Amino acid sequence: GPAHVRRLEEEIDRMQKDLPPLRHFILPGGSPAGAALHLARAVCRRGERYCASLGRSFPSAIVYLNRLGDYLFVLARRASRREGKKETLWIPE
């Protein structure tokens, strides 16, 4: 419900304070923990798309999965940074 979404948003905001702002997309990877979290995010996004494909039956689940995917992304960035791994920027040619 909304309280769970709010908690994820608060955690995202807290963790982002220690990370540099993104000006480009980044490629998944980094540290082993970061790569695993990027994979978890991809699975989470798959679940979000599946719920969305079911129509309007699960609106709160879709919102929660969306924020969970964002949380996993920030957590992956944080894990890689803690292990001293640089993010690989994706800059289109």
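Arg14 forms a salt bridge with Glu11, with 2.7 Å between the closest N and O atoms. The model in which this pair is found is a predicted one. Arg14 and Glu11 both belong to helix α1, which covers residues 2-16, and they sit 3 residues apart, about one turn of the helix. Arg14 is partly exposed at a relative accessible area of 39%, and Glu11 is partly exposed as well, at 23%.

**Overall layout**

The protein chain contains 3 helices and 2 strands, and along the sequence these follow the pattern α-β-α-α-β. Taken along the principal axes, the C-alpha atoms fill a box of roughly 40 × 30 × 25 Å. The chain has 93 residues, of which 28% are buried. Its accessible surface comes to about 6600 Å², and carbon and sulfur atoms account for 57% of that surface.

Contacts can also be sorted by separation in sequence. Among contacts between residues at least 6 apart in sequence, 81% join residues at least 24 apart.

**Charges and salt bridges**

The side chains of the protein chain include 17 positive and 10 negative ones. The centres of these two sets lie 1 Å apart. Side chains of opposite charge can pair when their charged atoms come close. How many salt bridges does a search of the whole structure find? The search finds 6 salt bridges.

| Pair | Closest N to O distance |
|---|---|
| Arg14 and Glu11 | 2.7 Å |
| Asp70 and Arg67 | 2.4 Å |

Asp70 is partly exposed, with a relative accessible area of 22%. Is Arg45 buried or exposed? Arg45 counts as buried because its relative accessibility is 15%, and buried means under 20%.

Asp70 also forms a salt bridge with Arg67. Here both residues lie in helix α3, 3 residues apart, about one turn of the helix. Salt bridges that share partners join Glu9, Arg45, Glu48, Arg67 and Asp70 into one network.

Leu19 and Ser80 are treated together here as examples of buried residues.

Leu19 is placed in the loop between α1 and β1. With a relative accessible area of 11%, Leu19 is buried. Which residues is Leu19 in contact with, leaving aside its neighbours within four places in sequence? They are Val74, Arg77, Arg78 and Arg81. In sequence, Leu19 and Arg81 are 62 residues apart, while their C-alpha atoms are 8.1 Å apart in space.

Ser80 is located in helix α3. The relative accessible area of Ser80 is 4%, so this residue is buried. Once neighbours within four places in sequence are set aside, Ser80 is in contact with Gly29, Gly30, Ser31, Gly34 and Lys85.

**A nonpolar surface patch**

Where does the structure have a nonpolar patch on the surface? The patch is formed by Phe25, Leu27 and Trp90, which together have about 350 Å² of accessible area. Phe25 has its place in strand β1, which covers residues 25-27. Phe25 counts as exposed because its relative accessibility is 62%, and exposed means over 50%.

**Summary of the picture**

On the surface, Phe25, Leu27 and Trp90 form the nonpolar patch.

Technical notes. Residues are numbered from 1 along each chain as its sequence is written. This is a predicted model: local features need pLDDT of at least 70, side-chain atom pairs count only at pLDDT 80 or more; totals for chains, interfaces and linings use all residues. Side-chain values use heavy atoms; hydrogens and water are left out. Helices (H or I, at least four residues) and strands (E, at least two) are DSSP runs, numbered from the N terminus. Buried means under 20% relative accessible area, exposed over 50%, partly exposed in between (1.4 Å probe, protein chains only). Contact means heavy atoms within 4.5 Å. Accessible areas come from the Shrake-Rupley method with a 1.4 Å probe; for residues, only the protein chains shown count as cover. Lys and Arg count as positive and Asp and Glu as negative; His and the chain ends are not counted. The place of a charge is taken as NZ of Lys, CZ of Arg, CG of Asp or CD of Glu. Patches are made of residues with over 30% relative accessible area and no salt bridge: like charges are joined within 9 Å, nonpolar side chains (Val, Leu, Ile, Met, Phe, Trp, Tyr) within 5 Å. A salt bridge is a side-chain nitrogen of Lys or Arg within 4 Å of a carboxyl oxygen of Asp or Glu.
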